[in-house]
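This note concerns the salt bridges of the model and the surroundings of their partners. Please read the points below alongside the sequence and the structure.

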Amino acid sequence: MDTIRTLFRGIAAGFVATCVLSLLMQMKGWLPQFDTITLLDSIAHGLFLDAGLPTPFAGWLWHFIVGSLVWGWMYAVMEPIVPGHRPLVKGIYFGLMVTLVVWFTVLPLAGAGLFGIQLGLVQPFVSLLQHVLYGVVLALVYYWMRSWSGS
């Protein structure tokens, strides 16, 4: 039962962190030429060709599935071994790990090259900032949920 609660906390914290990141992405001030949802939409349509999901719905769906289920679940599982004793530090480390995965898998799969450098020289820094912020929000919400539930 405790494992299920832990995973639920991770997924819920991942959802909140994904919502925060999504709001910031919509401001377009981060990097106007870099549209994360369009990028994810192209990957989603490449993976789910026959699903018939409309654009940009597939990109948003992919964004929330990965941010909530994949990274949230992974954080819940890895939290005890993520370096640091405070949620802020753990969030920074986790965000850095997510950044590395995105730089070396997601962006090249989307045709943006390693680090997403084909989208511009600023893109790697924006990606780093976005994912570290995501990790911090994820870790803080996860910690708050854990302390709130008493376990």
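Does E79 count as buried or exposed?

1. The structure under review is a predicted model. In this model, E79 counts as buried because its relative accessibility is 10%, and the cut-off for a buried residue is under 20%.

2. The side chain of E79 forms a salt bridge with that of K90, with an N to O distance of 4.0 Å. This pair links distant parts of the chain: E79 lies in the loop between α3 (57-78) and α4 (87-109), while K90 belongs to helix α4, 11 residues apart. K90 likewise counts as buried, at 8% relative accessibility.

3. E79 also forms a salt bridge with R146, where the closest N and O atoms are 3.1 Å apart. Here too distant parts of the chain are linked, since R146 sits in helix α5 (residues 123-149) and E79 in the loop between α3 and α4, 67 residues apart. R146 counts as partly exposed, at 24% relative accessibility. Through shared partners, the salt bridges join E79, K90 and R146 into one network.

4. A further salt bridge pairs D2 with R5, with the closest N and O atoms 3.7 Å apart. Both residues lie in helix α1 (residues 2-26); because they are 3 residues apart, about one helical turn separates them. D2 is partly exposed, with a relative accessible area of 43%, and R5 is partly exposed at 40%.

5. In total, the count comes to 3 salt bridges.

Notes:
Residues numbered from 1 in each chain as written. Predicted model: local features only at pLDDT ≥ 70, side-chain atom pairs only at ≥ 80, totals over all residues. Heavy atoms only, no water. Helix = DSSP H or I, 4+ residues; strand = E, 2+ residues; numbered from the N terminus. Buried < 20%, exposed > 50% of the residue type's maximum accessible area, 1.4 Å probe, protein only.
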